[in-house]
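These are my notebook entries on one protein structure. I set down what I looked up, entry by entry.

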Amino acid sequence: MTGIGESQDRGTTSGLREELAAVQRQIAQLAERVAALEQGAPRPEAAAEPQLALELDSESAWGWLTRSRVLTRVAAVSFALVVALVLRTLADAGALGTTPGVALGLAYAAGLMAWGTRRRAPASTLGSVLATCGVVLLCTVVLEGQARFGVVPTPLGNAILALTLVLLAVTGVWRRAALVMEIATLAVAVTTVALGFPTPHFASAAATLLLAAAVASLLLGTARRPWVHWVVLLPALFFWLTWTFKLAIPLRRGLVVPAEVQQAWFLPSLAATLLGHLALAARRAAAAPAAPGPFAMAMPAFTVVWAQAAAAAVVLPWLGHTRALGGVVLAVAVVCLAVAVVLRHRSGAAAGFTAFALAATCALAPALAWVLAEPKSLAAAWSLTALGLALVAQRHGSGSLRLVSYLLQAAACAAAVVVGEFAAPAPSPVLDPALAVFLAASAWLHYSWCRRHPPPATSWYGRVAGADRLAVLLVWIAAASAFCALRLVAWPTLSGLPIDVDNAFHGAQSVGLHLIAIALMGLGLFRRSRELLVSGVILAVLGGLKVFGSDMLVARGVPLVLSVFSFGVAVGVASLVLGRWQKRIA
């Protein structure tokens, strides 16, 4: 009995121990949970529940979808489209007349725009969606009303588009709805070009496109979205290209211009567009004098170039000359230059000054060609303009104008060559050599001035070009003009001698080329100018190529001997100059 009792006591004791251990485990778990709650950390066993983590991620994605209101916006667009399709179905079925159907469509689109812009953004993101739908729907109704049903005349359609754009621009600025303004501007510009294509109502379409450009400029001031300008510019350029071709082709062929092309409205509309774009560019430059952006920098010059190209394509076959057009473009150049000076002195807009000075240069170059109508005068005027442009660029710290002055100097020489002023024998034995000497002196003076006045370090050209190595272009322009002057003097001189002029002329050209090379190498050594020295050596090498590649085949006798001798002298001078150059460096 005693053994039985002892065994029962041992069983009871072991059971109590197990229960005590279980209680201790529960207390430990409770302590862990309390500690986790106090620290704000997740439960330890939560990391081992992948299914629960997946559900939390799904809830997060669903929450984003709810907060972003994507479904609400899609539903709004769908319902707006349903109503529009109902009206379209009723009109196609004949339940509504064509005119009442188009009127109801316009009214419905206007209602969507009014409802969408009633509240300030971003308080109502749904309002922007509805207003955008209204804009697109209105453009569609106007386009179909004109092209398919014929109940909306093209001028009336352009007027509706222009009025819509004005109202949306006003409410868009007031309600801070930049997105609606962007889409409205793009939609109106594209619809204006498509309305009545290929023969729209050109005058009203030009006014509407100019209005779209003005709204795009307003967007740049409010929302800073310069890409809208470039997108709006594309349909405008296509429109002007179409109008220009429709006028220029029959005028060049001597045909009667159709009345729907509106020939009388072309030049006034083009002038208004040009002045309007220049005014918008001036406003942008004055509003952002420090960083106007690439569009504001390029727009004045680009506008002047395409406008005068379109005008010349129509005016030349229309009037038979371009002198009157040259006077008008010259006035535009003066206006651009005046705007540049005002921007520089009143608002300190250095970039705006550069933009309008470039526009003035782009207008001045063809204006002089059209007014003077004389290649000699044109080349001299361009060369003098290049010198003046360099002075203006240095005074106002504009690297872009400095670079343009180099290009204009090159254009002056190229123009004289292309029109045949430097051909031998010369059309004018006195004036043509004098023009070549003048261009050579002008280019050399330009180069010498640039070496005494380096580009401003603050300009982009000064930072990029560094030592202004591009100025060596002026040296080559001067050398080319001097070579042409020697050719023009050599021909009449040789013509007075009892010799073979053609044979002697080949040798004379080689001698003249080597004389110029020797002069450049001597000046390079005297001025310690590496670029002059290198230019002279390169010119001597080119002369050698002419001697052994051309003169050896076509020249003979004394001219060939003098040609080869001049090359030897040039090589000898190059060796002497390079030797002394090395001693000076050492």
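**Entry 1. The chain as a whole**

I note at the start that this is a predicted model. I looked up the secondary structure and found 21 helices and zero strands. I then asked what share of the 586 residues counts as buried. The share is 44%. I also looked up how far apart in sequence the contacting residues are. Among contacts in the chain with a separation of 6 or more, 72% join residues 24 or more positions apart.

**Entry 2. Helices α14 and α16**

I examined helix α14 (residues 375-396) against helix α16 (residues 431-452) and found that their axes come within 10 Å and cross at roughly 10°. The angle is under 35 degrees, so α14 is roughly parallel to α16. On the α14 side, the residues making the contact include Ala379, Ala380, Leu384, Leu387 and Leu391. On the α16 side, they include Leu435, Phe438, Leu439, Leu445 and Trp449. I sorted the residues of this contact by class: 13 are nonpolar, four are polar and two are charged.

**Entry 3. Helices α15 and α16**

I next took α15 with α16, whose axes are 11 Å apart and pack at an angle of about 165°. Which way does α15 run relative to α16, roughly parallel or roughly antiparallel? The angle is over 145 degrees, and α15 is therefore roughly antiparallel to α16. I recorded the crossing of α15 past α16 as left-handed. From α15 the contact is made by Arg402, Ser405, Tyr406, Gln409, Ala412, Cys413 and Ala416. From α16 it is made by Leu435, Leu439, Ser442, Ala443, His446, Trp449 and Cys450. By class, I find nine nonpolar residues, four polar and one charged.

I also looked at the loop between α15 and α16, where proline 425 lies. A cis peptide bond joins alanine 424 to proline 425, with omega about 0°.

**Entry 4. Helices α15 and α18**

I then compared helix α15 (residues 399-418) with helix α18 (residues 472-495). Their axes come within 10 Å and cross at roughly 15°, so these two helices are roughly parallel to each other. The crossing of α15 past α18 is left-handed. Tyr406, Gln409, Ala410 and Cys413 of α15 make the contact with Leu473, Leu474, Ile477 and Ser481 of α18. I count the classes as six nonpolar, two polar and no charged residues.

My count of disulfides is zero.

I looked up threonine 354, which has its place in helix α13. Threonine 354 is buried because its relative accessibility is 8%, and buried means under 20%. Beyond four places in sequence, threonine 354 touches Met297, Ser398, Ser400 and Leu401.

Proline 366 is also found in helix α13 (residues 350-372). At 17% relative accessibility, proline 366 counts as buried. I note that its C-alpha atom is 9.6 Å from that of alanine 309, 57 residues away along the chain.

Serine 510 lies in helix α19 (residues 501-527). Is serine 510 buried or exposed? Serine 510 is buried, at 1% relative accessibility. Apart from neighbours within four places in sequence, serine 510 is in contact with Lys546, Val547, Asp551, Ser563 and Ser566.

**Entry 5. Backbone details in loops**

I found a further cis peptide bond, between phenylalanine 197 and proline 198, with omega about 15°. Proline 198 has its place in the loop between α7 (178-194) and α8 (202-222).

I then looked up positive phi values. Glutamine 262 is not a glycine, yet its phi is positive, about 60°. Glutamine 262 is in the loop between α9 (227-252) and α10 (266-287), and it is buried, with a relative accessible area of 14%. Arginine 528 has a positive phi near 55° and is found in the loop between α19 and α20 (530-554). Arginine 528 is exposed, with a relative accessible area of 62%.

Definitions and conventions: Residues are numbered from 1 along each chain as its sequence is written. This is a predicted model: local features need pLDDT of at least 70, side-chain atom pairs count only at pLDDT 80 or more; totals for chains, interfaces and linings use all residues. Side-chain values use heavy atoms; hydrogens and water are left out. Helices (H or I, at least four residues) and strands (E, at least two) are DSSP runs, numbered from the N terminus. Buried means under 20% relative accessible area, exposed over 50%, partly exposed in between (1.4 Å probe, protein chains only). A disulfide is a pair of cysteine sulfur atoms within 2.5 Å. Axes are lines fitted to C-alpha atoms, for helices over the stretch in contact, and angles run from 0 to 180 degrees between N-to-C directions. Angles under 35 degrees count as roughly parallel, over 145 as roughly antiparallel, 65 to 115 as roughly perpendicular and the rest as oblique. A crossing is left-handed if the near helix is turned anticlockwise from the far one by less than a right angle, and right-handed if clockwise. Contact means heavy atoms within 4.5 Å. Ala, Val, Leu, Ile, Met, Phe, Trp, Tyr, Cys and Pro count as nonpolar, Asp, Glu, Lys and Arg as charged, and the others, Gly among them, as polar.
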